[in-house]
Amino acid sequence: MNARLIDHLVLPVADLAVARSRLAELGFTVAPEAFHPFGTANACVFFSDGAYLEPLAIANRRQAAAAAKRGNIFTARDLAFRKVRNRQGFSALAVATGDAAADHARFRLRGISAGDILEFSRGVKMPDGSETEASFRLAIAGDERAPDFFLFSAQRINPLPADRGELERHSNTVTGLSEIVLSAASPGDFVPLLEEVLLAKAGVEPAAVELVASNARVRVMQDHDLESEFALAPLPNAEGLRGRAVIFKTADLAVTEIILAANDVAFVRREGRVLVQAAPGQGVLFGFEE
């Protein structure tokens, strides 16, 4: 079976306006805000490889808390993440699926289901002002040893518009995802979870795990190994599985650098990449490479 496509990354933020401003400074085109029926809202960044970023904020805390109490695992995990991680970061990875119900059954069989299937619809506003509705079905997977990160498969019942041309064009020339970087004290502990969700075989080394999705690589490294490659300082409490960095494919790295410099965004060059450390509205390190 072919490895799954990474559909999107969930990036909790404290304020969507701050996130929108920061992402624009990084050279991304940001979609209009959209609201979920369970108290959260997003302002997504879409890529031509089919993936997108989902900066996620709390729009109505009372509604979100009520949804979590009713068993909405997505909202419950988001609220728990914000309480511990100061309201921003990288909390979840979603893969695309054509059958979330089958995935849910498989997750339950493998002992990695994190809760009931979640179905919902939300409005979508396009840059030209037109509106449509998108509907989703999510099968959620997790590991009790990883309270700060989860994975899920997302089925688009009534999909997002296929032609998002204007939203997929970014001044930084990013075309999609290249690599997702996670950390864990023992990366091998999470191989069953990652393999079942991504439907990809993991390459396991003593201090790292690597899987290849259909549109990006996923790497799990020990926390202390991130410093030399990504200039990321070790975390004080590095237990569990943690989302640490997102590396993007760019068509022209020189143009990316020009955009960052023009917007006064600090960056460093390291091992053929341009790295931008986390900042308000951008909860984890972003990297760019050709």
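This is a predicted model: local features need pLDDT of at least 70, side-chain atom pairs count only at pLDDT 80 or more; totals for chains, interfaces and linings use all residues.
Select Arg219 and Glu179: their side chains make a polar contact at 2.5 Å, where a polar contact is a pair of N or O atoms within 3.5 Å, one able to donate a hydrogen and the other to accept it, and residues adjacent in sequence count only if both atoms are side-chain atoms. Residues are numbered from 1 along each chain as its sequence is written, and side-chain values use heavy atoms, with hydrogens and water left out.

Remain at Arg219, which is found in strand S13. Helices (H or I, at least four residues) and strands (E, at least two) are DSSP runs numbered from the N terminus. Is Arg219 buried or exposed? Arg219 counts as buried, at 11% relative accessibility; buried means under 20% relative accessible area, exposed over 50%, and partly exposed in between, with a 1.4 Å probe and protein chains only. Leaving aside residues up to four places away in sequence, Arg219 touches residues including Ile180, Val181, Leu182, Val209, Phe230 and Arg273. Contact here means heavy atoms within 4.5 Å.

**The open sheet**

Next, display the eight strands that form an open sheet in the order S11-S12-S13-S10-S14-S17-S16-S15, with mixed pairing. Two strands pair if DSSP finds at least two bridges between them. S11 and S15 are the edge strands, each pairing on one side only. On average, neighbouring strands of this sheet are turned by 25 degrees against each other, direction ignored; the axes are lines fitted to C-alpha atoms, for helices over the stretch in contact, and angles run from 0 to 180 degrees between N-to-C directions.

Strand S11 (residues 203-205) pairs with strand S12 (residues 208-212) in the antiparallel sense over three bridges. The two strands form a hairpin with two residues between them, and Glu205 has Ala208 in S12 as its bridge partner. Move on to strand S13 (residues 217-221), which runs antiparallel to S12 and is joined to it by five bridges. S12 and S13 also form a hairpin, with four residues between them. Select Leu211 to find its bridge partner in S13, Val218.

Now show helix H5 (residues 191-198). Helix H5 lies across strand S10 (174-184), S11, S12, S13 and strand S14 (241-250), and runs at about 5 degrees to S12.

**The other edge**

Turn to strand S15 (residues 268-270), which is joined to S16 by three bridges and runs antiparallel to it. Bridge partners to select are Arg269 with Val274 and Arg270 with Arg273. Two residues lie between the strands of this hairpin, and Glu271 takes a positive phi near 50 degrees there. On to the next pair: S16 and S17 run antiparallel and are joined by three bridges, with Leu275 and Gly287 as bridge partners.

Which residues cover the two faces of S16? Arg273 and Leu275 lie on one side, Val274 and Val276 on the other, and all are buried.

**Helix H1**

Select helix H1 (residues 16-25), whose buried residues are Leu16, Ala19, Arg22 and Leu23. Viewed down the axis of H1, these buried residues fall within an arc of 125 degrees, so they line one face of the helix; the arc is that of the directions from the helix axis to the C-beta atoms. They pack against strands S3 (40-42), S4 (45-46), S5 (52-58), S16 (273-276) and S17 (285-289).

At the N-terminal end, Asp15 caps H1, with a side-chain oxygen 2.8 Å from the backbone nitrogen of Ala17. After H1 comes Gly27, whose phi is positive, near 95 degrees.

**The cores and Phe90**

A nonpolar core is a set of buried Ala, Val, Leu, Ile, Met, Phe, Trp, Tyr and Cys residues joined through side-chain atoms within 4.5 Å. Which members of the largest nonpolar core touch the most other members? Of its 58 residues, these are Leu177 and Phe286. A second, separate core has 16 residues, among them Leu56, Phe74, Ala92 and Ala134.

Finally, select Phe90, in the loop between helix H3 (73-84) and strand S6 (92-96). Phe90 is buried, with a relative accessible area of 1%. The C-alpha atoms of Phe90 and Arg242 are separated by 7.8 Å, although these residues are 152 residues apart along the chain.
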